[in-house]
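Please look over the chain shown below before reading on.

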Amino acid sequence: MKKFFTIFISVFIMTGISAFSEPMKKSEGLPPVPPPGGHSQKPESYDAVITSDSKKIISRETVLSVGKDENVIHVSDGTTTIKNSVINRNSCNSEGGDTSSFYGVGAAILVTDGSVNVKKSIIETDSDGGAGVFAYGDGVATVSDTSITTRQGASGGIHVAGGGTLVAKNLEITTYGRSSAAIRSDRGSGTMIVDGGTYTSNGEGSPAVYVTADITINNALLKATGSEALCLEGVNNVHMYNSTLSGNMKDDSQNDNTWNVILYQSMSGDSQLGLGTFEMVGGKLIAENGGVFYTTNTESSFILKDVDIQASDDHEYFLRVTGNKNKRGWGRTGENGADCTFTAIKQNMDGDIIWDSISTLTLYMTEDSVLSGSVLDDESCAGSGGNGYCNIVIDKNSSWIVTGDSNLSNLSCSGKVIDAEGNDVSIVGSDGTVYKTGTSKFTVTVDSFSDYADVSGSGVPSSFKARSRVK
């Protein structure tokens with residue numbers, strides 16, 4: 001874990017702290033994803049009340065935009081500083097949609113090149129597509145000690161797309177519209193660093209954090225009152241340190257289940273196919289409804305260390321790694337499983353783990369981690385099935401407290417497998433081999449068993465370490 005913190009500290013020192021005193025160097029990210037047919041193209045120009053392409057200071061001013069699909073302030077080059085000002089975007093005619101989500105049309109403050117530094121200001125929008133601060137392409141935004149409120153759809157509080165870079169410090173963000181995450185990213189990825197502050201989203205389909213970028217969050221309070229807490233698509237990454245993250249997603253007939261943190265691929269073209277990573281160290285994760293972690297139709301890596309996880313009353317599951325029958329079209333049913341690595345470090349986990357045969361799951365439990373729950377093979381979204389597996393690796397200091405009969409592929413355990421009363425649980429092979437005989441009423445059935453736990457495969461992939469450094 002020292003390596004994880006080294007990455008965070010180096011990124012924050014290089015980009016976060018220095019960015020508030022001087023313009024930040026642009027990171028080298030993934031190229032933007034080409035939009036498929038039917039999606040809007042980047043506009044040739046932007047309408048704005050103020051367009052800045054050189055050095056400019058806006059201080060103690062109130063700037064209002066009421067035009068259709070226009071920005072209040074557009075920074076197209078140079079360095080612009082906004083301080084102690086009120087920026088207001090209010091239009092009932094704006095259309096929002098893809099041009100807003102992908103390119104920043106209608107955002108209060110948009111930077112497409114050069115840099116903007118916003119300090120001690122108030123930003124309010126009441127128009128579709130009215131993001132608070134949007135960084136696109138070669139644009140770099142730094143925002144500190146500022147309040148941002150958005151009231152309509154497709155209006156994230158802070159937003160990056162197309163490779164933009166945004167650094168936020170001590171912000172108070174509240175969003176109310178649909179598809180309006182407090183911390184939002186979209187097509188073409190980008191880089192976001194968030195330090196401190198409160199970030200609340202209230203709309204349906206508006207997680208506190210929507211991740212199609214590389215996002216680092218430290219010491220922040222993040223809450224979604226009508227959505228999952230965090231949604232991550234495709235080859236993107238989020239790191240959270242000492243933060244509180246909560247979600248309250250409503251049950252929906254379009255979904256197979258209800259979750260709080262999801263890593264998936266929607267097939268919309270908004271993110272590239274491949275490995276997504278969710279890392280959370282310290283802090284608290286609160287699930288108001290449904291399961292905790294869900295991954296489907298993607299490659300995913302979860303890394304948790306010493307997080308206080310508070311499950312919902314219905315306690316649907318702790319981790320679900322399966323295909324899906326989602327009516328929005330997340331891959332082809334029967335072929336849309338997940339390939340997941342889950343690393344638990346000094347982590348308490350309460351709830352069932354659900355997997356299927358078109359998915360792969362390797363769960364590493366290290367450094368006094370404890371799982372209290374069952375491991376269940378649920379083939380309801382697996383079609384005719386596949387060659388997937390569920391492997392669990394438990395080091396000598398960790399324990400699995402079994403709460404019901406369980407089925408998995410391979411169990412490697414140097415620690416304990418017991419029930420809630422402390423009784424040893426029987427471990428038997430799917431071929432009838434008896435590996436361990438216990439006095440518990442529960443049985444764990446496996447394809448193979450070893451009392452040696454090799455945890456060398458746990459942790460952050462090397463490819464991710466390389467991409468997470470901001471240059």
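The model is a predicted one, in which local features need pLDDT of at least 70 and side-chain atom pairs count only at pLDDT 80 or more, while totals for chains, interfaces and linings use all residues. Residues are numbered from 1 along each chain as its sequence is written, and side-chain values use heavy atoms, with hydrogens and water left out.

**The chain as a whole**

Helices (H or I, at least four residues) and strands (E, at least two) are taken as DSSP runs and numbered from the N terminus; the chain holds three helices and 44 strands. A residue is called buried under 20% relative accessible area, exposed over 50%, and partly exposed in between (1.4 Å probe, protein chains only). Of the 471 residues of the chain, 59% count as buried. With contact meaning heavy atoms within 4.5 Å, residues 24 or more positions apart account for 69% of the contacts in the chain that have a separation of 6 or more.

**Nonpolar cores**

A nonpolar core is a set of buried Ala, Val, Leu, Ile, Met, Phe, Trp, Tyr and Cys residues joined through side-chain atoms within 4.5 Å. The largest such core has 86 residues, and those with the most contacts inside it are I158, Y199, F278, F293, F342 and L411. Strand β14, residues 164–175, gives the most to this core, with four residues. A second, separate core of 11 residues includes C231, M249, W259 and I262. Returning to the largest core, of which F293 is one of the residues with the most contacts, F293 touches, among others, V261, F278, L285, F302 and F342, when residues up to four places away in sequence are not counted.

**Residues in strands**

T149 lies in strand β12, residues 147–150, and it counts as buried because its relative accessibility is 15%. Leaving aside neighbours within four places in sequence, T149 is in contact with I123, E124, T125, T174 and Y176. T142 is placed in strand β11, residues 140–144, and its relative accessibility is 3%, so T142 counts as buried. T142 and V118 are 24 residues apart in sequence, and their C-alpha atoms are 6.2 Å apart in space.

**Residues in loops**

Which loops hold K120, H315 and N248? K120 is in the loop between β8 (115–119) and β9 (122–126), H315 in the loop between β28 (308–310) and β29 (319–321), and N248 in the loop between β22 (244–247) and β23 (261–264). The table sets out the phi values of K120 and H315, neither of which is a glycine.

| Residue | Phi |
|---|---|
| K120 | positive, about 45° |
| H315 | positive, about 50° |

K120 counts as exposed because its relative accessibility is 55%, whereas H315, at 28% relative accessibility, counts as partly exposed. N248 is likewise partly exposed, with a relative accessible area of 24%. N248 and P207 are 41 residues apart in sequence and 9.1 Å apart in space, C-alpha to C-alpha. Not counting residues up to four places away in sequence, N248 touches A224, T225, G226, S227, N260, E288 and N289.
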